[in-house]
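Take a look at this model before we start.

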Amino acid sequence: MAELSVVIVTYNAKAYLVKCLECVRSASVGMDVEIMVVDNASTDGSKDAVLEAFPAIDYIYNTENLGFAKANNIAIRKASGKYVLLLNPDVYIEKDTLKKALEFAENKSDFGALGVRMVDGEGRFMPESKRNKPTLWNSFCKFTGLTRLLPNSKVFASYYNVSLAENECGYTDVLSGAFTLLNNAKLSDAALICEDYFMYGDDIDLSVSILEAGYRNYYCGDITVTHLKGKCTDKASPEIIEAFYNSMDIYYRRHSKNPLTRAIVRFITKAIIRVKAGK
């Protein structure tokens, strides 16, 4: 069993992927780390570029775009690491990131998963690094802009975990799928992502599934990574818009026990998709 398996799902993100892998290689020195890339049918030469620069990497090339959840699960099922790190190709880690993350995990008997302090390319903190479970209220506040107007309010910004400072470490409900360290040795099927999701929302579902399995999700504010969010995705495409809002419907269908809540969310998400994606 390896100490750590790093899993990176990619789609036409060659330049970011190569830089991400350079960071992972630098951070892996002296550690027992296997690196797995799952390529969702990229056409930008990613495979050739990566295998030329990193010939020892386990590169899994899919002949079609399976989406984020299915692609991650392919690698998770194959991973030999005691821990599995799900990492986006547009996330750049520091030389001590892996070492510090594993040290944190090893000291927590109830450890399920770990997220870290993420900053964007300008060094600004990204509040999605630590979130609460979504509710109708906090989701409404986020999508109407109330959260952005009142970012520190426990009432209007409760989509994010504002009770935990960005430089602190502690419990949080939801972690970002851009960087999630999983306790692969203990989680078993709870480490797998629901494949109803194509992309978006899968990290929320995974985080909640880990909590439901009896483990804790931790946020570690003294580990910082850079996330160039959105650089690998065309957010304006109808398919991406549909995937984003459908993820909300999937989540409430799976985790809400209230049929009225599920019906409201389905009505709202379908209406938004019709307007924004023209469907």
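Reader: What are the ground rules here?
Author: This is a predicted model, where local features need pLDDT of at least 70, side-chain atom pairs count only at pLDDT 80 or more, and totals for chains, interfaces and linings use all residues. Residues are numbered from 1 along each chain as its sequence is written, and side-chain values use heavy atoms, with hydrogens and water left out.

Reader: How far does helix H1 reach from its first C-alpha to its last?
Author: Helices are DSSP runs of H or I, at least four residues, numbered from the N terminus. H1 covers residues 14–27, which is 14 residues. The expected span is 1.5 Å times one less than the number of residues. That gives an expected 20 Å, and the helix comes close to it, reaching 20 Å.

Reader: Is Asn 138 buried or exposed?
Author: Asn 138 is found in helix H5. Buried means under 20% relative accessible area, exposed over 50%, partly exposed in between (1.4 Å probe, protein chains only). At 3% relative accessibility, Asn 138 is therefore buried.

Reader: Which backbone nitrogen lies 2.8 Å from a polar atom of the side chain of Asn 138?
Author: The side chain of Asn 138 has a polar atom 3.0 Å from the backbone oxygen of Lys 133. For the nitrogen, at 2.8 Å from a polar atom of that side chain, the residue is Thr 135.

Reader: Which residues does Asn 138 contact, leaving aside neighbours within four places in sequence?
Author: Contact means heavy atoms within 4.5 Å. With those neighbours set aside, Asn 138 is in contact with Lys 133, Thr 147, Ser 158 and Tyr 159.

Methods:
Helix = DSSP H or I, 4+ residues; strand = E, 2+ residues; numbered from the N terminus. Polar contact = N/O pair within 3.5 Å; in protein donor to acceptor, adjacent residues only side chain to side chain.
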